[in-house]
Amino acid sequence: MSKIIRADFCGQAMQFTAEGWFNATTAAAKYGKAPNDWLRLPETARYLEALERKYGKIPYFKTKRGQSGGTWLHPKLAVRFAQWLDMDFAIWCDEQIDALVRDQSRPDEWSAARLAAASNHRLVCDMVNLHRQAIGKTSAAHHYANEARLINWAFSGSFAAIERDTLSASELRLLELLERQDAVLLGMGKSYDERKAALQAFANEQRQRLALPLLAA
């Protein structure tokens, strides 16, 4: 399968290929449904038969394991499947596939947000080093790791690593803002506990602004 292209729909990253194939499993999960339920419908079977009469017996859906796994649909099936999920989503999906098939795509919102979040990691590391130099201490690998864990906690409520490729564009934007804010707090000479409290408050404010759900208390 070719390179995966992600685009954000209502806070969730949807997956396409450059040829217009579409990850139906990811989309269906948003609506509490499964692609196999749609594929088993008599109407779907009749539509597949019509496609085969018109275009021949080619694969119109396939499954993939591992990262970006699930059921992937041919672009000639994607919009019809999307209509089964939600009409607004179907219109959006049609626009995405049309741009891909016509080769009018550009670096999408998700990719730009992913790059921005990654680029700020270096800034945080630099500020950790400068902060520790200012208090007469040297920096070691675990100091950078601890700061990354702090940002993870402010973002998700857990110190565990975040799988960034699963985040929506809005979530990546929040992560980017948290990294920037942490760098500012480090530059102000704030202690770890002060940064932790300030980042939690900042995250809540930004979640509201980005229309993301607040973390459970």
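In which helix is asparagine 36 found? Asparagine 36 is found in helix H2; helices here are DSSP runs of H or I with at least four residues, strands are runs of E with at least two, and both are numbered from the N terminus. From C-alpha to C-alpha, asparagine 36 and threonine 25 are 9.1 Å apart in space, and 11 residues apart in sequence.

A word on what we are looking at. This is a predicted model, in which local features need pLDDT of at least 70 and side-chain atom pairs count only at pLDDT 80 or more, while totals for chains, interfaces and linings use all residues. Residues are numbered from 1 along each chain as its sequence is written, and side-chain values use heavy atoms, with hydrogens and water left out.

Now confidence. The average pLDDT of the protein is 86, and 94% of the residues score at least 70; pLDDT is the predictor's confidence in each residue, from 0 to 100. Where pLDDT is low, the predicted coordinates should not be read in detail.

On to the overall layout. There are nine helices and five strands, and along the sequence they run β-β-β-α-α-α-β-β-α-α-α-α-α-α. The protein is more spread out than a compact globule, because its radius of gyration is 22 Å, well over the 17 Å that the globule rule gives for 217 residues. That radius is taken over C-alpha atoms, and the rule is 2.2 Å times the number of residues to the power 0.38. Along the principal axes, the C-alpha atoms fill a box of roughly 75 × 35 × 30 Å. Of the 217 residues, 41% count as buried. Among contacts (heavy atoms within 4.5 Å) between residues at least 6 apart in sequence, 60% join residues at least 24 apart.

Next, the nonpolar cores, meaning sets of buried Ala, Val, Leu, Ile, Met, Phe, Trp, Tyr and Cys residues joined through side-chain atoms within 4.5 Å. The largest core has 28 residues, and the members that touch the most others are Phe155, Leu167, Leu172, Leu174, Leu175, Leu178 and Leu199. At least two residues of this core come from each of H6, helix H7 (141-156), helix H8 (169-187) and helix H9 (192-209). H8 gives the most, with nine residues. Beyond its neighbours within four places in sequence, phenylalanine 155 is in contact with Ile162, Leu167, Glu171, Leu174, Leu175, Leu178, Arg207 and Leu215. A second, separate core holds 27 residues, including Leu39, Leu48, Val79 and Ala90.

Serine 170 lies in helix H8 and is buried, with a relative accessible area of 19%. Leaving out residues up to four places away in sequence, serine 170 touches Asp8, Leu210 and Leu212. Asparagine 152 is in helix H7 and counts as buried at 10% relative accessibility. With the same exclusion, asparagine 152 touches Gly157, Ser158, Phe159, Ala160, Ala161 and Ile162.

Last, the aromatic rings. Rings of Phe, Tyr and Trp (its six-membered ring) pair if their centres lie within 6.5 Å; planes under 30 degrees apart count as stacked, over 60 as edge-to-face, and the rest as tilted. The count is 11 aromatic pairs. Phenylalanine 16 and tryptophan 92 form a tilted pair, 6.0 Å centre to centre with 55° between the planes. Phenylalanine 16 lies in strand S2 (residues 12-17) and tryptophan 92 in helix H5 (residues 87-101), so this pair ties together parts that are 76 residues apart in sequence. Both residues are buried.

Why is the pair of tryptophan 38 and phenylalanine 81 edge-to-face? The ring centres are 5.3 Å apart and the planes are at 75°, so the pair is edge-to-face. Tryptophan 38 and phenylalanine 81 are buried as well. Ring pairs link Phe9, Phe16, Phe22, Tyr31, Trp38, Phe81, Trp84, Phe89 and Trp92 into a cluster.

Technical notes. Buried means under 20% relative accessible area, exposed over 50%, partly exposed in between (1.4 Å probe, protein chains only).
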